[in-house]
Amino acid sequence: MAILNLTPDSFSKDGKYTKGFQPSSLLPQLHSLLLHRIPILDIGGQSTRPHASPLSASEELARILPTIQYIRADPTFNKILLCIDTYHSSVARACIEAGADIINDISGGLMDQDMFSTVAELGCTYILMHMRGTPETMTSLTSYPDGVINGIASELNERVQKAMEAGIHRWRMILDPGIGFAKTADQNLEVLRKLPELREYEGLKGLPWCVG
């Protein structure tokens, strides 16, 4: 998976594809994806770094949609799956309808009550990530009395069940442990070390994972 940040205040802090950005400038990178057989391009229009202020759905969509439309207008890049980072159900809908393939939701449906029903209706693949609170508050929500692995497993299990109740097929879900989200540096390392254990938890076993 390759990542394209269409935001000036992302984790990478480069702002390369923001001011005056034209989707056509992505041509070399898109051809590189094909050359190196990278199947997924993850596109984000909103920073979710710690303490980041939220962006409205309309602003987020304005950053993302032209790039989706540009890529999908060229059959050369049809084999590249487009994965959209958003917790807004309206953005998810517009992007999937424009030709995107996957929704990557850092909040696991917690920040928009319509996300699960929207994804179920669209029938798209859904990356369900573990997080607590919001990017503004998550650094204060790192207490896991039963251990970070047990905490993540329990909370992801609950979200998976809610997603299935809303109509999202289990085989359409990919889980993400949320490295860097509501976790300390030591907890992040523990999650990476014990990922095989997390994958075997009752209720999560058999689901694919995305870690990054």
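Predicted model: local features only at pLDDT ≥ 70, side-chain atom pairs only at ≥ 80, totals over all residues.
View 1. Glu97 counts as exposed because its relative accessibility is 57%, over the 50% cut-off. Arg93 has a relative accessibility of 26% and therefore counts as partly exposed.

**View 2. Arg93 also meets Glu121 in a salt bridge.** Here the N to O distance is 2.9 Å. The pair links distant parts of the chain, with Arg93 in helix 3 and Glu121 in helix 4 (residues 115–122), 28 residues apart. Glu121 is exposed, at 57% relative accessibility.

**View 3. Arg93, Glu97 and Glu121 are linked in a network of salt bridges.**

**View 4. Arg132 and Glu155 form a salt bridge.** The closest N and O atoms of this pair are 2.6 Å apart. Arg132 lies in the loop between strand 5 (125–129) and helix 5 (148–165), whereas Glu155 lies in helix 5. The two residues are 23 residues apart, and the pair links distant parts of the chain. Arg132 has a relative accessible area of 19%, under the 20% cut-off, and so counts as buried. Glu155 is partly exposed, with a relative accessible area of 23%.

The pairs shown are among the six salt bridges that the structure holds.

Key:
Residues numbered from 1 in each chain as written. Heavy atoms only, no water. Salt bridge = Lys/Arg side-chain N within 4 Å of Asp/Glu carboxyl O. Buried < 20%, exposed > 50% of the residue type's maximum accessible area, 1.4 Å probe, protein only. Helix = DSSP H or I, 4+ residues; strand = E, 2+ residues; numbered from the N terminus.
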